[in-house]
Amino acid sequence: MSQREIKEAFFSNLNGTSLHEVVLGSFLTPVCLISRGLILILYQQAKGTLPLPLIYHLLLDFTVLILPLVLSCTILSSNLHQVIIGFTFVSACMFSCIYCTNKCTSAQRLKTSISGFLQSHVEVNQVPFVTLFRVFVNVKTAISILAVDFSVFPRRYAKTETYGTGVMDFGVGAFVFANALVCPEARRKSISGSTMNHITKQLVSVWPLVVLGMGRLVSVKMADYHEHVTEYGVHWNFFFTLAIVRVVASILLLVLPTNQIVVFALLICGLYQFSLETSGLKDFIIHNNDREKDFMHANKEGIFSVVGYVTIYLAGVQVGLYVMQPRSQVRMWFKALLNLLLGSIVLYAALCICQTLVEPVSRRLANLPFCLWSVAQSLLFISCLGIADMVLLFSKRTSGCHFVPTSWDLHKKQSNSGKKTAEIERHCLVQAVSRNQLLFFVLANVMTGLINSKVDTLTCSSLFSVCVLLSYMFMNCFVIFVLHICGITVKFW
């Protein structure tokens, strides 16, 4: 076998991992964020000042937020429980230290109780857990697209062949969901001009994705890069899927009632699943290997899976409309997070029923179980991030140290707090990635291709593989961080 064939075989016939392991992975990022925030609060209590020097902020964010994610999907993948428990224990110790060293009178301590905390007001112009969700979906995607080429990356985390729940399978659905959360429709931006003008604007707005898709297609073919054609097809890739989903969803959102988007999403996905079961479409996608017949045969996975991704996008818009509603009190946000968590539980229950009565999850088909799983897991992850930020907000309120980046702020603060908060956000890696998300994704793809062209990833030792992954992620983060410090936003349109 040639090197290309060996690599293609390395990605083939995979069955994924358990739903339990994917759910467990949702808790790592929130406890990392809590740890990072508590470290900053303790430092501020000890030194009385923030921010840290720029390089220290970058190193802290990389060490606490990025390093654990890389290790948890490589050499520590079999010890995920212990990693999460360890971070939780350290965070609990720091939280206890912050709360117990707070020199309050009994009346003041009562004021900082949970009851008082729930009645407190937060700044209404930010929804930090939405930013966190979008950034960490991007970060985990960047880690995975290179890590999957190394043998140290567990095969159960990689994309499945036909059926199964790989971590990277969820990443695809989560990426679509994350884009929908902040689309113009989710932010209730009014449509100016005629319907045709709006559709034209949507077609024009996705040209960067089309260009990136064409660039990836040409570079892969010219470099004779290994391909797993059952993922999207011979000529298709994820950039094309993102572009078409955006345009199709925008057209549908012109006619769908705002408060019933999720109902129509379920209807569309249900009809697609019915077609898979009754029309022979499923057999065509899975078993027909005549790739040379025409464009549809060559790219059947990419073309037909668009239907499933559109429903995930519509569900994301509905969730975006819900979380973007103005809420001023902590208790309102806490209730919203509990509703998101309840929605996740309901969808997981529906998923279990579908997997029993219909068929298992299939990213390749983007079937009904895959759509239910993608939305359910996204809701779980986003609610966990929101609850983590609640813990940080309570810690900030208790300690009087308000400056933690990408976190809710209490409404009443010192007059100069706005400038101080802006300075803290300027030193934050999360905000840096948020500022240039598409560039970060493109940079990760380019770096992945370069590393694969220079390194025989299949024969690397575990230690060398982890070193390459950490260097790759640090370089991506460093470039994005420098652009953020310089106030540069790279837009492709």
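Trainee: Is R363 buried or exposed, and why?

Mentor: Buried means under 20% relative accessible area. R363 has a relative accessible area of 1%, so R363 is buried. Keep in mind that this is a predicted model.

Trainee: Which residue does R363 meet in a salt bridge?

Mentor: Start with the general idea. Side chains of opposite charge can pair when their charged atoms come close. Here the side chain of R363 meets that of D169, at 2.7 Å from N to O. The pair links distant parts of the chain, 194 residues apart. D169 lies in helix α9 (residues 167-181). R363 lies in the loop between α18 (330-357) and α19 (368-399).

Trainee: Why does D169 count as buried?

Mentor: Apply the cut-off again. D169 is at 0% relative accessibility, so D169 counts as buried.

Trainee: How many salt bridges does the structure hold?

Mentor: Ten. One of them joins the side chains of R36 and D61, at 2.8 Å from N to O. R36 sits in helix α3 (residues 28-47) and D61 in helix α4, 25 residues apart. Both residues of this pair, R36 and D61, are buried.

Trainee: Which residue forms a salt bridge with E301?

Mentor: R291 does, with the closest N and O atoms 2.7 Å apart. E301 belongs to helix α17 (residues 300-323), and R291 to the loop between α15 (281-287) and α16 (295-298). The two are ten residues apart. E301 is at 0% relative accessibility and so counts as buried. R291 is at 14%, so R291 counts as buried too.

Trainee: Which residues are linked in a network of salt bridges?

Mentor: E277, K282 and E359.

Trainee: Where does the kink in α4 lie?

Mentor: At I66, shortly before the proline P68. The kink is about 35°.

Trainee: Turn to helix packing. At what angle do α14 and α19 pack?

Mentor: About 145°, with the axes of helix α14 (residues 261-278) and α19 9 Å apart.

Trainee: Which residues meet there?

Mentor: From α14, L266, C269 and Q273. From α19, L368, P369, C371 and L372.

Trainee: How many residues of this contact are nonpolar, polar or charged?

Mentor: Six are nonpolar and one is polar. The contact of α14 with α19 has no charged residues.

Technical notes
Residues numbered from 1 in each chain as written. Predicted model: local features only at pLDDT ≥ 70, side-chain atom pairs only at ≥ 80, totals over all residues. Heavy atoms only, no water. Bend = angle between axes of the 7 residues up to and from the residue. Helix = DSSP H or I, 4+ residues; strand = E, 2+ residues; numbered from the N terminus. Salt bridge = Lys/Arg side-chain N within 4 Å of Asp/Glu carboxyl O. Buried < 20%, exposed > 50% of the residue type's maximum accessible area, 1.4 Å probe, protein only. Axes fitted to C-alpha atoms, helices over the stretch in contact; angles between N-to-C directions. Contact = heavy atoms within 4.5 Å. Nonpolar A, V, L, I, M, F, W, Y, C, P; charged D, E, K, R; others polar.
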